[in-house]
Amino acid sequence: MSNLDPNSTYIMPATARSERKILFDKIELEVLSGPDAGREFGLALPCIRIGTAADNDVVLTDRTVSRHHAEIRTLPEGLLVRDLGSTNGIFLRDLRVREAFLEPSTLFSLGGSEIRVRMGMEERAYEVGRESGLCALVGGSEPMRELYGLIRVVAPTPTTVLIRGESGSGKEMVATTLHALSGRKGPLVVFDASVADPEMVRNDLFGHIKGAFTGATGGREGAFRCADGGTLFIDEIGELPLDLQPRLLRALESREVAPVGSDRPVKVDVRVIAATHRNLEAMVEEGTFRADLYYRLSVMSLCVPPLRDIKEDIPLLIQNFGETLGLPCRVTPEALTALMGYAWPGNVRELRNVMERAAVLCRGEEIRPEHLRLVDLSGTQEPATIEEVAPVSVHSPAQLKAIERQMILDAMQRNRHNKSAVARELGIPLSTLKRRIAEYDV
Ligand SMILES: Nc1ncnc2c1ncn2[C@@H]1O[C@H](COP(=O)(O)OP(=O)(O)OP(=O)(O)O)[C@@H](O)[C@H]1O
């Protein structure tokens, strides 16, 4: 292994201020003997398969090599080689091994082919340009431009990406942008791991066969297979039930999924992007998130800045919402000052909601500070929520609660109990929604 931490993305400032470099891990193989002698491979994948069948990552022509002979996986401890049930086995010197960690530049043999393997690094340059947006993402601040540079260089690779950032900061938009620039022909499938029922998460993510469980009257493809040829975006990965995490890890490494009720895995060509607002490191520490899955996901992390750190983008975002949402209102300098002074705990989503509401309240005139209804300048209070959608106080607090409860119930039904989708639809953070659900006994 390289002496750099394999669990991190390295960004090295280059001499020119606008160009940075990023390092991708890769597995390098060199065939030293046998019919494929002289061939070299460098693959930026977490796990590679070697054999004579065409669906391997490294396809050899040596007839003493089995169709699916071996796999090599990158792990924090090093490169792990594993026999996939070959006829002629894997040999390290004279020792036949079923599974072994390889020292750097170790030689091993598959049938009559001797192979040298090592962990490599591929350096790619990326530009931090002067643009004020990328695809649907808006913002010309330095952190946003840095993010665009990373998105452009990471998008066309098969690397799993972990997007981190606070709720409402634009993680899903970053995932959409990564997919749009990936060149992958298949669809973008969004999967929310915060659904309350773990059974539902398992069935919806991996699919199931007919009769897999009581009530499974038909088969279901599952998000993984629906995303074949495209991208699977797993939102709220920190909420993925612990017992499903090994299954996801297996799918990421083997690029195969076994539908529930079946022991026949299906090959999938899916690029996985995950997102979270949670502190996964702390979750690993406390045992609620598996370290091996964390390691696999965090090889490439992209951080979306909170709005309070990119306040210079507020005017641009407002202008963009005006255009995309058809809000023709002008913002007074006083209102802009108020917007710039606010802490934005709900990030860009909150800004959008505030602007939408202000556009209604100002009745076609210019937006003044009182239309914004920004009550909390410290950022300690919850962002504007659905009760504020009913601005004129014709309801008693009890009636408002009943209305809110009904709105949540309706949205839950529409979104098949997918809480993140509900929170998105209602324009409130997931944490607030969860509190309301508990409070109203929904
Ligand atoms: N950079 C941006 N440019 C334009 N609009 C943005 C940007 N970032 C966020 N938004 C707006 O904020 C809304 C919320 O963004 P998004 O759903 O991507 O956030 P998120 O971080 O995935 O939220 P959550 O953690 O709650 O799932 C989007 O619908 C979009 O309107």
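## Cores, a sheet and an enclosed helix

Of the 49 residues in the largest nonpolar core, the ones that touch the most other members are Leu-178, Leu-339 and Leu-351; such a core is a set of buried Ala, Val, Leu, Ile, Met, Phe, Trp, Tyr and Cys residues joined through side-chain atoms within 4.5 Å, and buried means under 20% relative accessible area, with exposed over 50% and partly exposed in between (1.4 Å probe, protein chains only). Helix α1 (residues 142-154) gives the largest share of this core, seven residues. Because domain 2 (127-303) and domain 3 (307-371) both contribute residues, the core lies between them. Leaving aside residues up to four places away in sequence, Leu-178 touches Ile-151, Val-154, Ala-155, Val-161, Ile-163, Ile-273 and Leu-302, where contact means heavy atoms within 4.5 Å. A second, separate core has 31 residues, among them Ala-223, Ala-227, Leu-280 and Leu-297.

The model is a predicted one, in which local features need pLDDT of at least 70 and side-chain atom pairs count only at pLDDT 80 or more, while totals for chains, interfaces and linings use all residues. Residues are numbered from 1 along each chain as its sequence is written, and side-chain values use heavy atoms, with hydrogens and water left out.

The domain assignment of the chain gives domain 1 (21-124), domain 2 (127-303), domain 3 (307-371) and domain 4 (397-440), with bounds that come from an automatic or database domain assignment. Taken over C-alpha atoms, the centres of domain 1 and domain 3 are separated by 55 Å.

An open sheet of five strands comes next, with the order β5-β4-β6-β7-β10 and mixed pairing. Its edges are β5 (58-59) and β10 (99-102), each of which has a single partner strand, so one side of each is left without a neighbour in the sheet. Strands here, like helices, are DSSP runs numbered from the N terminus (E, at least two residues, for strands; H or I, at least four, for helices), and two strands pair if DSSP finds at least two bridges between them.

Within this sheet, strand β6 (residues 70-75) is largely enclosed by the rest of the structure, because six of its six residues are buried. Both of its faces are covered, with Ala-70, Ile-72 and Thr-74 buried on one side and Glu-71, Arg-73 and Leu-75 buried on the other. Strand β4 (residues 47-51) pairs with β6 in the antiparallel sense over four bridges, and Cys-47 has Arg-73 as its bridge partner in β6. Six bridges join β6 to β7 in an antiparallel arrangement, with Thr-74 opposite Leu-79 in β7, and a hairpin connects β6 to β7 through two residues. Strand β7 (residues 78-83) also pairs with β10, antiparallel and over four bridges, and there Val-81 has Ala-100 as its bridge partner.

Helix α13 (residues 419-426) is likewise largely enclosed by the rest of the structure, because six of its eight residues are buried, namely Lys-419, Ser-420, Ala-421, Val-422, Ala-423 and Leu-426. Asn-418 caps the N-terminal end of α13, with a side-chain oxygen 3.3 Å from the backbone nitrogen of Ser-420. Just after α13, Gly-427 takes a positive phi of about 75°.

Glu-236, in the loop between β17 (231-235) and α5 (245-254), has phi near 55°, and at 9% relative accessibility Glu-236 counts as buried. Arg-255, in the loop between α5 and β18 (256-257), has a positive phi of about 55°, and at 22% relative accessibility Arg-255 counts as partly exposed.

Methods. Polar contact = N/O pair within 3.5 Å; in protein donor to acceptor, adjacent residues only side chain to side chain.
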